[in-house]
Amino acid sequence: MHQIDQQICQGLIGGAVVLAGDLEQDLFAGAWGYADWQDHRPMTMDTIFDIASVTKPVGTNSVLLAAVADGLLDLDRPFTDYLPEFTGRQLGSVTVRELALHISGVNINYCRTGTPEEMRRDILAVDFLKPPRAEYQYTCTNFILIGFLLEKICGRSLAEIAAERVFRPLQMNETEWTKPAEGGLPRTIRTVNADPGIISDEGARNYAPDPLGNAGIFSTAADLAKYARMMLRSDGSVFPPDVLELCFTDFNPAGVAHPHSIGWDKMPDMIPAGLSGETIFHNGWTGQTFWIDRGTGRFVIVLTNRMESWDRAKFGRKAIAEEVLAAIGAGA
């Protein structure tokens with residue numbers, strides 16, 4: 001893999017695990033470089049990654065979908081209907097949908113330090129700086145608030161619900177919130193700012209052992225492939241098809257120049273050549289991108305341990321995906 005070898009040589013990433021496939025089979029799989037460059041531990045296909053913000057779609061958004069499916073949540077109601085303890089300033093009524101689409105106008109800055117109780121109190125007092133639907137602004141704050149309201153209406157933690165409704169039914173046995181799966185620490189990557197097994201995101205790390213809605217899940221390429229196939233199959237085994245459709249539909253208004261579904265990005269500049277315009281994806285700060293394409297019936301998972309520039313590494317992962325897709329040929 002030229003792209004991976006080049007990015008490792010440039011010091012952009014320490015290593016990579018790549019898995020691409022369709023509903024029936026894996027079409028490409030491989031591991032390169034180091035999972036931990038300090039002790040020269042090599043990447044393997046079962047390396048466990050801190051998936052950072054890929055936690056949002058795979059974890060928090062899964063709980064959101066379950067709540068919608070169970071009739072516990074209306075996306076178009078004000079989020080404060082479900083989270084009345086919120087005390088921050090709003091410049092208009094903000095719906096749950098607008099949080100999920102990153103068009104809420106909430107402050108990108110939120111409390112990342114202190115005890116979990118102090119963090120929760122301060123986050124529940126964060127201000128919205130712009131009116132809803134004015135512009136797209138990706139921020140962890142949106143999904144932290146979604147996580148709080150989901151725990152409130154469900155009466156349990158995000159981790160418990162995600163495990164019960166999604167991870168265990170799909171046999172995603174190496175996927176855990178706030179820590180690697182039992183016995184998995186020796187296979188866990190070192191990230192750009194944290195030792196193996198330590199959550200890279202400062203807020204999620206300080207909020208642990210309770211889960212925060214923006215980050216903190218550890219997983220493997222094989223487990224994420226199980227999630228991708230569930231999404232592509234859309235057979236009602238985990239989520240009803242009409243609920244799953246929320247993940248594939250661009251709901252952002254015409255005046256917002258960033259297409260986005262419930263929980264997933266759809267911005268064309270990060271969709272690799274070889275995938276269709278029906279692709280959804282999400283990036284992770286520590287070096288991951290997860291693409292699912294209903295148009296070709298394929299998925300691509302690129303998991304790296306990023307070591308340098310976020311933007312260069314993000315588009316570097318897209319280049320890796322394009323090389324993989326060129327190698328396996330045209331899809332359906």
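1. Helix H11 (310–328) lies across S1, S2, S7, strand S8 (288–293) and S9, and runs at about 140 degrees to S9. Angles here go from 0 to 180 degrees between N-to-C directions, with axes as lines fitted to C-alpha atoms, for helices over the stretch in contact. Helices (H or I, at least four residues) and strands (E, at least two) are DSSP runs, numbered from the N terminus. Please keep in mind that this is a predicted model, in which local features need pLDDT of at least 70 and side-chain atom pairs count only at pLDDT 80 or more, while totals for chains, interfaces and linings use all residues. Residues are numbered from 1 along each chain as its sequence is written, and side-chain values use heavy atoms, with hydrogens and water left out.

2. Now the sheet under that helix. Six strands make an open sheet in the order S3-S2-S1-S9-S8-S7, with antiparallel pairing. Its edge strands are S3 (41–42) and S7 (279–284), each of which pairs on one side only. Two strands count as paired if DSSP finds at least two bridges between them.

3. Strand S1 (residues 13–22) deserves a look of its own. Ten of its ten residues are buried, so S1 is largely enclosed by the rest of the structure. Buried means under 20% relative accessible area, exposed means over 50%, and partly exposed is in between (1.4 Å probe, protein chains only). S1 pairs with strand S9 (residues 298–306) in the antiparallel sense over eight bridges, and leucine 19 has isoleucine 301 as its bridge partner in S9. Seven bridges join S1 to strand S2 (residues 26–36), also with an antiparallel run. Glycine 21 stands opposite aspartate 26 in S2, and three residues lie between S1 and S2 in the hairpin that they form.

4. Within H1 (residues 2–9), Gln3, Ile4 and Gln7 are buried. Seen down the axis of H1, the buried residues fall within an arc of 95 degrees, so they line one face of the helix; the arc is that of the directions from the helix axis to the C-beta atoms. As background, an α-helix has 3.6 residues a turn, so residues three or four places apart point the same way. On the other side of H1, His2 and Cys9 are exposed. The cover over the buried residues of H1 includes S1, S2 and H11. After H1 comes glycine 11, with a positive phi near 80 degrees.

5. H2 (residues 55–69) and H7 (residues 158–167) pack at an angle of about 75 degrees, with axes 9 Å apart. H2 and H7 are therefore roughly perpendicular to each other. By the cut-offs, angles under 35 degrees count as roughly parallel, over 145 as roughly antiparallel, 65 to 115 as roughly perpendicular and the rest as oblique. Val58, Gly59, Thr60, Ser62, Val63 and Ala66 in H2 meet Leu158, Ile161, Ala162, Arg165, Val166 and Phe167 in H7. These contact residues divide into eight nonpolar, three polar and one charged. A contact means heavy atoms within 4.5 Å. Ala, Val, Leu, Ile, Met, Phe, Trp, Tyr, Cys and Pro count as nonpolar, Asp, Glu, Lys and Arg as charged, and the others, Gly among them, as polar.

6. There is also an open sheet of three strands, ordered S4-S6-S5 with antiparallel pairing. S4 (49–50) and S5 stand at the edges with a single partner strand each, so one side of each is left without a neighbour in the sheet. S5 and S6 (residues 217–219) pair over two bridges, and glutamate 176 stands opposite phenylalanine 218 in S6.

7. Threonine 191 sits in the loop between S5 (176–177) and helix H8 (202–207) and counts as buried at 4% relative accessibility. Leaving out residues up to four places away in sequence, threonine 191 touches Trp37, Asp50, Ser200 and Thr286. Phenylalanine 281, in strand S7, is buried with a relative accessible area of 1%. With that same exclusion of residues up to four places away in sequence, the contacts of phenylalanine 281 include Trp264, Met267, Ile271, Phe290 and Trp291.
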